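This briefing goes through strands, helices, ring contacts and nonpolar cores in turn. Please keep the sequence and the 3D view open while reading.

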Amino acid sequence: MTRTDHALRARPVTIVGGGIGGLTAALALAQRGARVTVLERAGQFREVGAGIQISPNAARVLSALGLAERFRAVSAPNPTVTLRDQHGAPVLRMDMAGFRPGQDFRTIHRARMIELLDSAAREAGVEIRLDHPVETLPDAPLLIGADGLHSRVRFALNGPETPFFTGQAAWRALVPLAPDAEPGAQVFMGPGRHLVSYPLAHGLRNIVAVEERSGWTAEGWSHADDPGNLRRAFAGFGGPVPGWLAQVTDCAIWGLHRHRVAERWHDDRRAILGDAAHPTLPFLAQGACMAIEDAWTLAACLDADGDQPRALARYQALRRDRCVRIVETATANARNYHLSGPRRLLGHAALKTANRIAPRTVFERFAWVYDFDPTAVP
């Protein structure tokens with residue numbers, strides 16, 4: 001490949017989708033000189049979703065985009081992950097901040113992240129068109145699909161696909177954060193279900209609770225549910241969980257469905273990123289992080305090579321294997337959280353032993369996720 005500096009200068013780029021991946025891509029492209037337009041279905045950026053975790057691999061991109069200070073100002077530290085049984089007893093504690101000092105493990109409300117990226121993208125000259133649903137794909141010199149699970153750009157590249165219901169449903173909720181709450185994520189593991197919670201900035205606690213069930217549940221974040229259903233599903237949980245769930249006044253539920261990682265991420269004029277390319281189950285906290293990594297890599301490849309088809313092929317070659325591995329690891333985590341009977345006793349005993357004898361062992365199994373630097377594109 002012959003490197004071409006600033007191959008993106010003044011090139012028009014259209015992005016479908018104004019979520020985290022789309023806005024990160026818009027900013028990364030605009031900072032390299034592209035003329036970027038984002039088409040977003042929503043009439044305004046709303047308080048959608050809830051909390052997300054941002055680990056150092058994605059934080060490195062935010063820093064390279066000049067957003068490190070602004071990001072830290074609206075996010076909260078997430079220095080530890082503690083696994084507990086359903087009664088609240090500790091099973092394993094991963095000292096993320098201690099194992100990787102100086103690295104950013106943080107949490108943030110999805111809406112705050114969108115606001116941050118939206119503001120930075122506009123400052124960089126990106127045109128963001130809200131209330132602009134895309135029913136027919138525009139004929140653009142470069143079209144990037146950051147349009148999520150049901151991406152029209154993915155469909156155009158790969159044809160129809162049928163995801164399958166995993167037999168799991170997840171609730172999301174936000175509750176007030178106690179003034180003396182310790183930072184860090186906590187995972188409460190019970191037979192057939194688990195609950196994850198962590199503090200966010202601005203006095204909020206995020207809760208994600210997952211239950212195995214036989215009945216089909218629709219995909220998507222916008223399905224409101226009765227908080228009483230959430231409380232009943234986790235009535236056998238102890239520790240702080242009952243107090244947290246007692247404060248839930250509204251919650252959303254969605255079914256967890258498995259989608260294949262797309263075979264084709266691009267043709268000569270179109271590319272996909274984030275959930276449009278590789279939807280993942282939320283059991284490694286890497287969905288937003290992968291989209292941020294994709295966005296940087298796509299922009300870097302396009303800027304380094306004026307041959308657009310070749311640059312897009314390089315983007316997929318750099319990203320696909322890593323994303324497949326993350327998706328597969330997240331799927332395995334779901335099984336490990338929901339063990340029951342003798343397997344649960346043996347699994348928890350093994351984790352407790354590792355925690356006592358070699359506390360870094362479990363963390364190092366996932367170090368390949370956090371130590372990766374997307375900004376060091378070869």
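In what sense, parallel or antiparallel, do strand β5 (residues 80-85) and strand β11 (residues 185-190) pair, and over how many bridges? The two strands pair in the parallel sense, over 5 bridges.

The model is predicted, and local features need pLDDT of at least 70, side-chain atom pairs count only at pLDDT 80 or more, while totals for chains, interfaces and linings use all residues. Residues are numbered from 1 along each chain as its sequence is written, and side-chain values use heavy atoms, with hydrogens and water left out.

- On the β6 side, 5 bridges join β5 to β6 in an antiparallel run, and the bridge partner of V81 in β6 is M94.
- β5 and β6 form a hairpin with 4 residues between them, and G88 in the turn has a positive phi of about 100°.
- Since 6 of the 6 residues of β5 are buried, the strand is largely enclosed by the rest of the structure; buried means under 20% relative accessible area, exposed over 50% and partly exposed in between, with a 1.4 Å probe and protein chains only.
- In a regular strand the side chains alternate between the two faces of the sheet. In β5, T80, T82 and R84 point one way, whereas V81, L83 and D85 point the other way, and all are buried.

**Strand β7 and its partners**

- From strand β7 (residues 106-109), R106 and I108 point one way and T107 and H109 the other, and all are buried.
- Strand β3 (residues 51-54) pairs with β7 in the antiparallel sense over 4 bridges, and G51 has H109 as its bridge partner in β7.
- Strand β4 (residues 76-77) is joined to β7 by 2 bridges, and the two run antiparallel; here the bridge partner of A76 is T107.

**Helix α2**

- Because 7 of the 9 residues of helix α2 (residues 56-64) are buried, the helix is largely enclosed by the rest of the structure.
- The buried residues of α2 are P56, N57, A58, A59, R60, V61 and L62, and the helix is followed by G66, whose phi is positive, near 85°.

**Aromatic rings and charges**

- The structure holds 7 aromatic pairs, a pair being rings of Phe, Tyr and Trp (its six-membered ring) with centres within 6.5 Å, and planes under 30 degrees apart count as stacked, over 60 as edge-to-face and the rest as tilted.
- The rings of W171 and F234 have their centres 6.2 Å apart and their planes at 80°, so this pair is edge-to-face.
- This pair links distant parts of the chain, 63 residues apart, with W171 in strand β10 (residues 164-176) and F234 in the loop between α7 (227-233) and α8 (241-246).
- W171 counts as buried at 1% relative accessibility, as does F234 at 2%.
- The rings of F363 and Y370, with centres 5.7 Å apart and planes at 20°, form a stacked pair; both residues are buried, and together with F99 and F105 they form one aromatic cluster.
- The charged end of R32 sits over the ring of W296, 4.4 Å from its centre, and that of R325 sits over the ring of W368, 3.7 Å from its centre; this requires NZ of Lys or CZ of Arg within 6 Å of the ring centre and within 35 degrees of the ring normal.

**Nonpolar cores**

- The largest nonpolar core has 100 residues, of which I15, L29, V36, I54 and M113 touch the most other members; such a core is a set of buried Ala, Val, Leu, Ile, Met, Phe, Trp, Tyr and Cys residues joined through side-chain atoms within 4.5 Å.
- Helix α9 (residues 287-304) gives the most to this core, with 11 residues.
- Leaving aside neighbours within four places in sequence, I15 is in contact (heavy atoms within 4.5 Å) with residues including G22, L29, V36, V38 and I144.
- A second, separate core of 18 residues includes A169, W244, V248 and I253.

Technical notes:
Pairing = 2+ DSSP bridges.
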